[in-house]
Amino acid sequence: MSEIWYNSIAMNIKKLVKPGVYSLKAYQAKEIPCKIKLDANESPYGFRDFYNVLRSIKTNRYPDPEAKNLRKIIAKEFSVKPENILQGNGSDELIYYLIATFGGPVLFPEPTFSMYGIIATALDEKTLPVALDGTFDLDIEKIFNHLKKENPKLIFLSSPNNPTGNCFSSEKILKIIEKTTQKSIVIIDEAYQPFSSKKGYIPLLNDYENLVIMRTLSKIGMAALRTGFLIASEEIIEQVNKVRLPFNLNSFSQKIACEILKKKELLGKYIKSICNERDRLFKEMSKIKGVIAYPSEANFILFKVENSEMVYKSLLKAGVLIRNMNSVVNDCLRVTIGTIKENNIFLEELRKSILNTRN
Ligand code: PMP
């Protein structure tokens with residue numbers, strides 16, 4: 001009896017859910033037990049001791065709906081006005097807001113951060129994935145073809161790109177922005193820009209009205225706070241702000257982010273250490289026969305092996321969790337940069353697992 005009831009509910013749900021949503025697989029962010037966590041592009045360095053901040057929070061009151069203090073600090077950091085900043089519960093939420101505001105089609109290169117496609121599909125908007133070229137750079141001809149035929153409303157470019165780690169050619173990005181003035185909004189997702197040696201795009205905001213920059217605090221030691229932000233013209237921010245949920249960023253995140261952002265020297269020191277370690281890791285990985293490491297401007301390295309599944313499992317058995325990207329880039333894995341000690345253990349286990357898989 002209970003089984004029949006269960007089946008009929010399942011059938012009705014299938015009929016009721018929007019087809020786009022039904023076709024999706026939920027984003028996999030499983031917690032896999034491990035000793036060394038190098039799978040989610042987090043920083044190995046966190047911050048603690050916020051007793052005074054916590055004491056000042058009134059739990060019976062809603063958070064500041066406009067996140068005024070936080071937006072002020074961020075605006076100062078990037079030499080823009082607070083009116084040019086929009087806060088999000090992580091930049092994931094801002095991707096949602098952008099697509100809800102402007103609609104589709106939504107163009108993005110492939111492979112890239114999966115949420116652009118997932119959120120567009122969930123919102124019933126057409127997606128236009130365009131394969132990267134053999135050097136993981138933008139295929140400008142294919143993109144221009146899509147611009148002509150499909151007229152995308154939004155173009156998401158993650159630079160540095162996740163999971164490939166490289167920055168796209170700035171000439172190509174500029175060509176796309178210029179070609180789409182008055183037609184599309186181009187979002188440069190600078191989640192990994194703090195680790196990049198290449199110039200970011202914030203200084204270009206004055207020159208191009210269709211440009212939006214997206215940033216996050218998640219990669220620089222504040223993933224727990226779920227805090228991201230957009231930087232754009234007041235006109236764009238005003239429109240996206242209409243779909244923002246009123247109290248989207250909680251009081252704890254707002255206040256703790258303000259405190260941590262004051263520690264500029266420490267933040268800079270951590271970022272430098274991650275970049276140094278990335279460069280060392282890249283050199284060491286490149287010495288291992290059977291590993292092709294791709295140069296990275298981010299806090300992770302994509303690398304190719306003969307059998308990614310075997311390497312992934314052997315590392316996990318040794319307690320080192322990385323990300324198997326095989327379904328996205330053939331036989332590739334992605335490792336996040338950790339502390340010196342964590343990276344050394346990863347290197348040792350990688351060497352061992354490659355030897356084992358080759359024998
Ligand atoms: N953009 C890119 C390119 C990312 O890789 C990620 C996280 N992996 C995000 C945005 C989302 O970051 P968050 O929601 O934590 O701000």
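Leaving aside neighbours within four places in sequence, which residues is S251 in contact with? S251 is in contact with I57, Y62 and P63, where contact means heavy atoms within 4.5 Å. The model is a predicted one, in which local features need pLDDT of at least 70 and side-chain atom pairs count only at pLDDT 80 or more, whereas totals for chains, interfaces and linings use all residues. Residues are numbered from 1 along each chain as its sequence is written, and side-chain values use heavy atoms, with hydrogens and water left out. Helices (H or I, at least four residues) and strands (E, at least two) are DSSP runs, numbered from the N terminus.

- S251 lies in helix 10 and is buried, with a relative accessible area of 17%; buried means under 20% relative accessible area, exposed over 50% and partly exposed in between, with a 1.4 Å probe and protein chains only.
- Helix 10 (residues 251–262) packs with helix 4 (residues 68–77) at an angle of about 30°, the axes being 9 Å apart; axes are lines fitted to C-alpha atoms, for helices over the stretch in contact, and angles run from 0 to 180 degrees between N-to-C directions.
- Helix 4 and helix 10 are therefore roughly parallel to each other, given that angles under 35 degrees count as roughly parallel, over 145 as roughly antiparallel, 65 to 115 as roughly perpendicular and the rest as oblique.
- The crossing of helix 4 past helix 10 is left-handed, a term used if the near helix is turned anticlockwise from the far one by less than a right angle, with right-handed used if clockwise.
- On the side of helix 4 the meeting residues are N69, L70, I73 and I74, and on the side of helix 10 they are Q254, A257, C258 and L261.
- By class, this contact of helix 4 with helix 10 has 6 nonpolar, 2 polar and no charged residues, where Ala, Val, Leu, Ile, Met, Phe, Trp, Tyr, Cys and Pro count as nonpolar, Asp, Glu, Lys and Arg as charged, and the others, Gly among them, as polar.

**Helix 6 and its surroundings**

- The axes of helix 5 (residues 90–102) and helix 6 (residues 115–122) come within 10 Å and cross at roughly 45°, and that makes helix 5 oblique to helix 6.
- Helix 5 passes helix 6 in a right-handed crossing, in which D92, I95, Y96 and I99 of helix 5 meet M115, Y116, I119 and A120 of helix 6.
- The residues of this contact of helix 5 with helix 6 comprise 7 nonpolar, no polar and 1 charged.
- Helix 6 is mostly covered, with 6 of its 8 residues buried, namely M115, Y116, G117, I119, A120 and A122.
- These buried residues of helix 6 pack against several elements, including helix 2 (19–23), helix 5, strand 3 (106–110) and strand 5 (154–158).
- Just after helix 6, D124 takes a positive phi of about 65°.

**Helix 7 and helix 8**

- Helix 7 packs with helix 8 (residues 170–179) at an angle of about 10°, with the axes 11 Å apart, and the two helices are therefore roughly parallel to each other.
- I140, I143, F144 and L147 of helix 7 make the contact with K172, K175, I176 and K179 of helix 8, and the residues of this contact divide into 5 nonpolar, no polar and 3 charged.

**Aromatic pairs**

- The whole structure holds 10 aromatic pairs, for which rings of Phe, Tyr and Trp (its six-membered ring) pair if their centres lie within 6.5 Å, with planes under 30 degrees apart counted as stacked, over 60 as edge-to-face and the rest as tilted.
- The rings of F78 and F229 have centres 6.1 Å apart and planes at 45°, so the pair is tilted.
- F78 lies in the loop between helix 4 and strand 2 (85–89) and F229 in strand 8 (residues 227–231), so the pair ties together parts that are 151 residues apart in sequence; both F78 and F229 are buried.
- F136 and Y294 form an edge-to-face pair, at 5.1 Å centre to centre and with 70° between the planes.
- F136 lies in the loop between strand 4 (127–131) and helix 7 (140–150) and Y294 in the loop between strand 9 (292–293) and strand 10 (300–304), so this pair ties together parts that are 158 residues apart in sequence.
- One aromatic cluster is formed by F108, F113, Y116 and F156.
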